[in-house]
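Please look over the sequence and the structure below before reading on. The notes that follow go through the structure topic by topic.

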Amino acid sequence: AKPVGFGELEDSDAVIPKGPEEANAFLQKAVGIGPLNPIEPTALAKGGGFSEEEVLTELLYATRTGTVRMQFAPECDRCGSVVTTRDRLGDLPPRAACEGCNHPNAIDSLDRIKVLFLFNSDILYVLMDNFACTPSQESFARTQIFATVPATSTGSGFRYSVGTGEGKELRPALEPGKYRMHCPVAKTDNYLVVERKANEDEEPHCCKLKVSDVVCQPSTFSRRGSNDLIAGAAADHRSQLKTLTVPHGKIHFDVYPDTRSFFVLWVQEDCDDDVLMRLPEEERSSYTKATSVIHNRAFNRLFSDQVVSANPDSMLSIQNVVLVF
């Protein structure tokens with residue numbers, strides 16, 4: 001692995017200035033281990049020229065030996081990422097808010113449940129509270145700042161700057177207005193308000209951002225609640241988001257990853273949630289479905305104790321069935 005040189009400081013209140021080159025280097029490292037965290041059988045099979053069935057079978061045996069851990073992860077209707085995860089298929093709830101975008105989901109189809117594998121932490125340990133999402137082309141076009149921040153063991157932070165005119169600035173000063181800040185990995189969601197245009201002779205404003213201060217609590221709703229109640233919980237989400245206010249657009253973002261999770265300083269135009277967070281079907285990647293797994297011979301031999309669900313509220317359907325006589 002190639003080190004990216006982010007480092008950390010003993011003083012938990014201190015920050016290390018970083019620039020776009022360092023942010024991109026760390027991002028490339030994160031992207032590099034993406035195929036291994038998590039392992040998606042469909043992607044692995046396609047990349048290696050193997051059959052999906054062959055890869056899946058090998059991963060099931062690796063699960064049995066403890067090399068990897070198998071997880072069942074419903075696909076979010078909106079962002080396409082993982083709603084929640086369970087080690088056992090039958091333990092999935094009938095409904096849940098997406099841990100990345102907070103969209104309420106009904107979990108009712110085996111064809112919309114991904115099967116993922118993660119290495120044992122002794123083999124690969126990544127400080128991430130959640131899976132990353134793939135922004136849509138439209139969403140990424142609304143991005144003003146995108147910079148990666150690794151976790152530190154001491155609690156010290158990193159400084160990203162805009163509008164400073166220095167070599168490490170990410171971009172020119174932000175224009176006045178309201179912005180959306182969102183990181184699905186660290187489960188944060190908040191607003192940023194820039195009050196006015198920065199004057200040329202003004203010093204940058206220091207915006208101290210502790211990640212724990214903007215972690216968003218997931219929507220709660222009755223497991224037996226109606227769709228209206230679920231929609232109501234989602235509608236309340238935006239009204240409860242915290243707002244960071246800065247006097248002008250020259251900003252030092254002093255980010256403290258105190259939740260011990262990878263974090264993305266992601267600032268976008270304040271648009272409708274569907275614009276920022278919805279990933280169209282045509283932009284989504286294929287994945288191994290729970291439907292395929294429960295018909296796999298190795299799965300039925302090695303994990304015969306797994307059931308679709310013992311929960312009376314759960315109604316998991318299969319959309320595509322082939323009967324062979």
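How many helices and strands are there in the chain? There are eight helices and 13 strands; helices (H or I, at least four residues) and strands (E, at least two) are DSSP runs, numbered from the N terminus. This is a predicted model, in which local features need pLDDT of at least 70 and side-chain atom pairs count only at pLDDT 80 or more, while totals for chains, interfaces and linings use all residues. Residues are numbered from 1 along each chain as its sequence is written, and side-chain values use heavy atoms, with hydrogens and water left out.

**Confidence**

- The chain has a mean pLDDT of 87, and 87% of its residues reach 70 or more; pLDDT is the predictor's confidence in each residue, from 0 to 100.
- Contact means heavy atoms within 4.5 Å.

**The chain as a whole**

- Of the 325 residues in the chain, 46% are buried. Buried means under 20% relative accessible area, exposed over 50%, and partly exposed in between (1.4 Å probe, protein chains only).
- The accessible surface of the chain comes to about 16,400 Å², and 50% of this belongs to carbon and sulfur atoms. Accessible areas come from the Shrake-Rupley method with a 1.4 Å probe; for residues, only the protein chains shown count as cover.
- Among contacts between residues at least 6 apart in sequence, 77% join residues at least 24 apart.

**Nonpolar cores**

- In soluble globular proteins, nonpolar side chains tend to be buried together. A nonpolar core is a set of buried Ala, Val, Leu, Ile, Met, Phe, Trp, Tyr and Cys residues joined through side-chain atoms within 4.5 Å.
- The largest nonpolar core has 34 residues, and those that touch the most other members are Leu60, Met70, Phe72, Leu89, Ile113, Phe117 and Phe299.
- Two or more residues of this core come from each of α3 (52–65), β2 (68–74), β5 (113–119), α6 (273–277), α7 (290–294) and α8 (297–302). The largest share, five residues, is given by α3.
- Another core, of 33 residues, lies apart from this one, and its members include Ala147, Met181, Ala186 and Val211.

**β2 and its partner**

- Six of the seven residues of β2 are buried, so the strand is mostly covered.
- β2 and β5 run antiparallel and are joined by seven bridges; two strands pair if DSSP finds at least two bridges between them.
- Within this pair, glutamine 71 has leucine 116 in β5 as its bridge partner.

**The four-stranded sheet**

- An open sheet is formed by four strands in the order β1-β7-β12-β10, with mixed pairing.
- β10 and β12 run parallel and are joined by six bridges. In this pair, histidine 205 stands opposite isoleucine 251 in β12.

**The loop between β12 and β13**

- Arginine 260 is in this loop. Arginine 260 counts as partly exposed because its relative accessibility is 37%.
- Serine 261 is in the loop as well, and counts as buried because its relative accessibility is 0%. Serine 261 touches residues including Leu127, Asp129 and Val185.
- Phenylalanine 262 lies between β12 (251–256) and β13 (263–269). With a relative accessible area of 11%, phenylalanine 262 is buried.
- Among the residues that phenylalanine 262 touches are Phe26, Ala30, Thr148 and Ala186.
- The C-alpha atoms of phenylalanine 262 and aspartate 129 are separated by 7.5 Å, and the two residues are 133 apart along the chain.

**Backbone exceptions**

- Most residues other than glycine have a negative phi, and most peptide bonds are trans.
- Arginine 260 has a positive phi, near 60°.
- Lysine 187, in the loop between β8 (177–183) and β9 (188–196), also has a positive phi near 60°.
- A cis peptide bond, with omega about 0°, joins asparagine 37 and proline 38. Proline 38 is in the loop between α1 (20–32) and α2 (41–48).

How values were computed: Lists of a residue's contacts leave out its neighbours within four places in sequence.
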